[in-house]
Amino acid sequence: MLQDMTGVDPKSIPTNDQKVMSLFNSSKALGCDLSFLNCKTGALGLPEFGTKFVRGMLEQTHPKSFNELVIISGLSHGTDVYLGNAETLIKSGTCTLQQVIGCRDDIMVYLIEKGLPNKDAFDIMECVRKGKSPKVFPQKGYVELMKKHNVPQWYIDSCLKIKYMFPKAHAAAYVMMAFRIAWFKIHYPVEFYIAYFTVRADLFDAALMTHGVETVRNEMRKLNMKSEKMSANEKSLYTILEICLEMYERGITFLPVDLYKSHARKFQKVGDAILPPLNAFAGVGD
């Protein structure tokens, strides 16, 4: 959708653009301060990085390179890989983000570098990624083998906690996608929000979102009062409201839905503003 609107081929976007990289640490490149949203990064609306959980990870780890984003993507998609495991190790200074186990491939490569036989390194990786290490390690004597090759205790303990691990290629594909979309977010802001709202249009509510900052904030306050009792739809709506506020903060506004100019389903760019479609009203179908 972004390619159709801008004519830019996403595959031509460089994945080492420092301005884009800065979005994973602060919202400065967007020209606005999002601290009023409890958001210290510019990652809102980026696939795999815009959720509250991953934004929290970004704020704790301050990634500076593409490789570190791949590690974060691996950590966020594994089970018992980050919370109570890598997070604690990074916080306590036991190791850095670069040293933690992020993706399953890291285990095999690290153990081979430590001098373990290739087959053992592969088998240990397979066993950890499937969450079988507490059972298999004692049977095969893997702990002793790792200790013999000077693998630190924290690394062994970390392996024993993991229930499921992401493959590195999968994490890299996710990061490439997020990075390309982040590039559009900086260089083509109006198109970025149009694409985002179009994809999320089933939960877009023009009656709420096109009436300025205060209406959006009031709705967010109402949802915040529910806190833990929010339904899945309300949580998704809250995320869209955050994006709305960010958009307003960047000086982009909505035009009122127009019976004659609005498209049935597509958001449109009019100058530096966005014209919502007719189906942007809750309850109005195609």
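Is C159 buried or exposed? C159 is buried, with a relative accessibility of 0%; buried means under 20% relative accessible area and exposed over 50%, with partly exposed in between, for a 1.4 Å probe and protein chains only. The model is predicted, so local features need pLDDT of at least 70 and side-chain atom pairs count only at pLDDT 80 or more, while totals for chains, interfaces and linings use all residues. Residues are numbered from 1 along each chain as its sequence is written, and side-chain values use heavy atoms, without hydrogens and water.

**View 1. C127 and C159, two cysteines without a disulfide.** The whole structure contains zero disulfides, a disulfide being a pair of cysteine sulfur atoms within 2.5 Å. For C127, the nearest cysteine sulfur is that of C159, 8.7 Å away. Seen from C159, the closest cysteine sulfur is in C127, and 8.7 Å is too far for a bond. C127 is buried as well, at 7% relative accessibility.

View 2. N85 is buried, with a relative accessible area of 3%. A polar atom of the N85 side chain lies 3.1 Å from the backbone oxygen of D80. Beyond its neighbours within four places in sequence, N85 is in contact (heavy atoms within 4.5 Å) with D80, S158, K161 and I162.

**View 3. L30 in the loop between α2 and α3.** The loop that holds L30 runs between α2 (18-22) and α3 (52-61). L30 counts as buried at 7% relative accessibility. Apart from neighbours within four places in sequence, the residues in contact with L30 are L23, G42, K185, I186, E246 and R250. The C-alpha atoms of L30 and H187 are 9.3 Å apart in space, although 157 residues separate the two in sequence.

**View 4. The open sheet of three strands.** The strand order is β1-β3-β2, with mixed pairing; two strands pair if DSSP finds at least two bridges between them. At the edges are β1 (253-254) and β2 (268-270), each pairing on one side only. Strands β1 and β3 (residues 273-275) run parallel and are joined by two bridges. F254 has I274 in β3 as its bridge partner.

**View 5. Aromatic pairs of W183 with F184 and of F197 with F254.** A search of the whole structure finds 20 aromatic pairs. Rings of Phe, Tyr and Trp (its six-membered ring) pair if their centres lie within 6.5 Å; planes under 30 degrees apart count as stacked, over 60 as edge-to-face and the rest as tilted. The W183 and F184 rings have centres 5.3 Å apart and planes at 85°, so this pair is edge-to-face. W183 and F184 are both buried. F197 and F254 form a tilted pair, with 5.4 Å between centres and 50° between planes. Because F197 lies in helix α12 (residues 189-199) and F254 in strand β1, the pair ties together parts that are 57 residues apart in sequence.

**View 6. F197 and its surroundings.** F197 is buried at 0% relative accessibility, and F254 is buried at 8%. Not counting residues up to four places away in sequence, F197 touches F204, I240, I243, C244, M247, F254 and F267. One aromatic cluster is formed by F192, Y193, Y196, F197, F204, Y248, F254 and F267.

Notes
Polar contact = N/O pair within 3.5 Å; in protein donor to acceptor, adjacent residues only side chain to side chain. Helix = DSSP H or I, 4+ residues; strand = E, 2+ residues; numbered from the N terminus.
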